Amino acid sequence: MRIATGIRRALPRLALAAAVTVFLGAAALAPEAAFAAEPVAAEGAKASAFAPAPTLTTADYPQIRGFNGRIAVWLAAQLHLWFAAFVLAVPIFVFIIEAIGMGTRDERYDRLAYEFIKVSITAYSLTAILGGLLLFFLVIFYPHLFQYLAGIFRESMIWYALLFFAESAILYLYYYGWHWLQGGFAKWVHLTLGLLLNAVGTTLMFLANAWVTFMMSPAGVDAAGVFSGNTWAAIHNALWNPINIHRVVANVAFGGSIVGAYAAYRFLSATTAEQKAQYDWMGYTANFIAISALLPLPFAGYYLTAEIYAYSQQMGITLMGGIFAWLFIIQAVLIGTLFLAANYYLWCGMGRSDGAVRYNRYVKYLAAGIIVAFLVWFTPHTLILTNEELKALGGPYHKILGPLGIMPAKNIAVNAMILFTTLSFLMYRRANKIPTVSWVNAGNATQAALFTAGLLNIFFLGVYHGYFTNTVYKVASSIPQVLTTLAIIVASTVIDTLMYRGAKEVAPLHWGRVSDRSQYALFLLAVAFTWLMGLMGYIRSSLRQHWHVTNVFRDASPDAFTPTLGYAANVVSLGAIIFMALVIFVFWVSQVSARHTTAVGYWKAEPAR
Amino acid sequence: MARRIPRLAQAVLTIVGIYGAFRLVFDVLLGQPIPSSLLTMYMFFVVAGVYMVFTFTEESTRELVAPIRALVEDPRRKPIRNVVFALTPLLAAWFTYAGLQPRIEAPVELRSIHPAPPSSVKMFGKRFDLLKLEKEEPKKFRQLVAEGAKVYVENCHFCHGDKLDGRGPYAEGLNPVPMSFQDVGTIAQLQESFLFWRIATGGPGLPADAAPWISSMPVWETFLSEEEIWKVILFLYDYTGHRPRLWSENADHSKH
């Protein structure tokens, strides 16, 4: 009764908060929409109101002894992005888990969702602090750049700041109201808050993405950088949507991996069987989330890269064939490591089931398939050859390995890795079950045929269109490849679900009966994701080379050079170490609130009443 | 009953077997040696894969590490332990020493095959926008290709070869050897404007960010006309059957 009364009292306030959020969200986009509708002539008239991009000299960049402006901005931006990715991603899957809990009426999901959001709440303030730090560094070290960007994006910057209030209000209400808004209508209100939180968070990220992508592929300005006045054109530049899609998917994968690391940390430090079981389940769920988002991520990345190349040949070649090609090999190695770690975790997790022995012998074949695909995935196009090897090969081209260095081979490899990972997951699901339907053999044969035909199709599409037709078909063939992979994942999951409907359990799953080694695979996932994001973030940003805004606004600072690969890798690694240290702090702090110390003899005894 | 091979031996044999297979297939059967830098990377992940397969169950892990554990803990293995403990640091020292020994051979270099082109470049006394530069002469296509072939034979084939495979008569004297246009990883990946820029400005026109770079390609804008360079580009694509990088089928010049 008390809760119902509380909700009735709170409803007007909630409705007001929701209305404000919706208004802010709509209003944030409204000015751009209005600009877009204006006639071209009006734009021409407005153009004179904006100054061209300034031509700067070294003296225009303030120098502070003991500080390198570029590294300060680089690290602050990267750390802000890591934390922002985490705090934006967690509410996405917390919302889904809460909804699953409501659908199944299984309270464990609700507790799990709460545990997830608890981890992100401490990270939220760090995100804001780092965002502030980035802003200060930009204003201090790159004042003219900030002034120029603010001149173009002033409306969206104001709305960004205001939306941050809405984000904070909803997040705090969502988190602190978790145990208050329980049951019946109140739970629906809580879930709606989760939805609003995600809507506002995603809008915030899309706005920031517009500023970043404008610097890469400017739109709405002329060759001298004079703004036309059409804010929507500047926001909706060539790379905005590709980055939006890539970041949403990547954030979920990254967020899942960080929460997985938290679960591993709690598992390893657990002292009771109950705690071990709880954090084992949490780690499994987090890994599932991370991998579910990791599977479509290569396609989102390929789309982004294709758009970068289509926007500028120079950027495309710098990225994949020029100076950053070697960082892409590191990227390929890290992505492969993610797949290996995720599969290893699944195979180790089969130990929770007493029926897993039936499937253990297949693991070596899956591992062989994944490793072969992985080796193709990271084979570089430009090989590092000693002079002797160069002579033996008769030139820098390797007849067998050379063709493995270009995208068609990579596309085949990554689709194969995804399908083998799907097989690992299906095997994990089956480990503890015995099917009871009469068509088991037919079902297994269908699935085997599905995977075989799918792999052959992916191979054919990649080889034929990749090596024997022109680049239009080469790039386009990646779409049917992806669709084949997705179709197999969906169809095999449906068949498996139907086949194992009403299946007998071999024995109850032993949550907590998993090796410590598997928990280190979860740590590896989080570290690899972090490093990968830092590395790719550096590459994306550095594609502009000596431009603040590509071909429009030149960077004249003393740091307007592309650093060596080793130097860049060191800065990214330093950032990753700082981030990991802060994350460990966040994990530790999230546990502190549950600790109680009884300070015997410290407080005055309460007088007897 | 045959005695089962211990797990540790199985793991070692698998790794050695895969290494041997790489050497056999690439170096012996295919005659295309596998570069040592790549083989090191391959073997690192092969070892990781073998470790994963041999340790995903508790039972297998115990069996795998049992001989190592026994070597360290079993008092009866003291003589072998002493030998292993003496040899291991010596082996590490030998590897370090061998690795640090100065060699006559020049160190390997990271080399970008395709450096990124500038967005615009000055050639033939005017500025070209390489992002948009294309050439279209559909009606005279065959004639232009034939003229391009003549330009190629007179100027390019000495290095790039009469089959465009980088094996011309002078190729042996160059290091690295000239570009093979037959390779799917070269001109088939690039836009026409990239070729125009590379041919016109040659080795000296390479961007600074593409260093380290070694190229003996001449600056062809001093020997050939703008039209001749376009003609030779047509010939390169026509002869090899490759198509330049396109963004839509409408832009496919080969259809003419």
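The following questions and answers explain the terms used for this predicted model.

Reader: What should I know about numbering and confidence limits?

Author: Residues count from 1 along each chain as its sequence is written, and chains are lettered from A and ligands numbered from 1 in the order in which they are written. The model is predicted: local features need pLDDT of at least 70, side-chain atom pairs count only at pLDDT 80 or more, and totals for chains, interfaces and linings use all residues.

Reader: How do you know what confidence the predictor has in the complex and in chain B?

Author: The complex has an ipTM of 0.81 and a pTM of 0.82. For single residues there is pLDDT, the predictor's confidence in each residue, from 0 to 100. Chain B has a mean pLDDT of 86, and 90% of its residues reach 70 or more. Over residues 251-256 of chain B the pLDDT is below 50. That stretch has 8 contacts in the model beyond near neighbours in sequence. Where pLDDT is low, predicted coordinates should not be read in detail.

Reader: Why are α14(A) and α2(B) called roughly antiparallel?

Author: Helices are DSSP runs (H or I, at least four residues; strands are E, at least two), numbered from the N terminus. Here they are α14, residues 363-378 of chain A, and α2, residues 36-55 of chain B. Their axes are 10 Å apart, at an angle of about 160°. Axes are lines fitted to C-alpha atoms, for helices over the stretch in contact, and angles run from 0 to 180 degrees between N-to-C directions. Under 35 degrees is roughly parallel, over 145 roughly antiparallel, 65 to 115 roughly perpendicular, and the rest oblique. The angle is therefore in the roughly antiparallel class.

Reader: What makes the contact of α14(A) with α2(B), by class?

Author: Two residues are in contact if their C-beta atoms, placed from the backbone, lie within 7 Å. From α14(A) come residues including Ile371(A) and Phe374(A), and from α2(B) residues including Phe45(B) and Val46(B). The contact has 12 nonpolar, 1 polar and 1 charged residues. Ala, Val, Leu, Ile, Met, Phe, Trp, Tyr, Cys and Pro count as nonpolar, Asp, Glu, Lys and Arg as charged, and the others, Gly among them, as polar.

Reader: Which helix gives the largest share of the side of chain A that touches chain B?

Author: In total, 56 residues of chain A are in contact with 55 residues of chain B. Helices α11, α12, α14, α15 and α18 of chain A each supply at least two residues of that side. The largest share, 7 residues, comes from α14(A). By class, the side of chain A divides into 29 nonpolar, 23 polar and 4 charged.

Reader: What makes Met427(A) partly exposed?

Author: A residue is buried if 20 or more other C-beta atoms lie within 10 Å of its own, exposed if 12 or fewer, and partly exposed in between. Met427(A) has 19, so it is partly exposed. Met427(A) lies in α16(A). It touches Tyr359(A) and Tyr362(A), not counting residues up to four places away in sequence.

Reader: How do you know that Tyr160(A) counts as partly exposed?

Author: Tyr160(A) has 18 C-beta neighbours inside 10 Å, so the residue is partly exposed. Its place is in α5(A).
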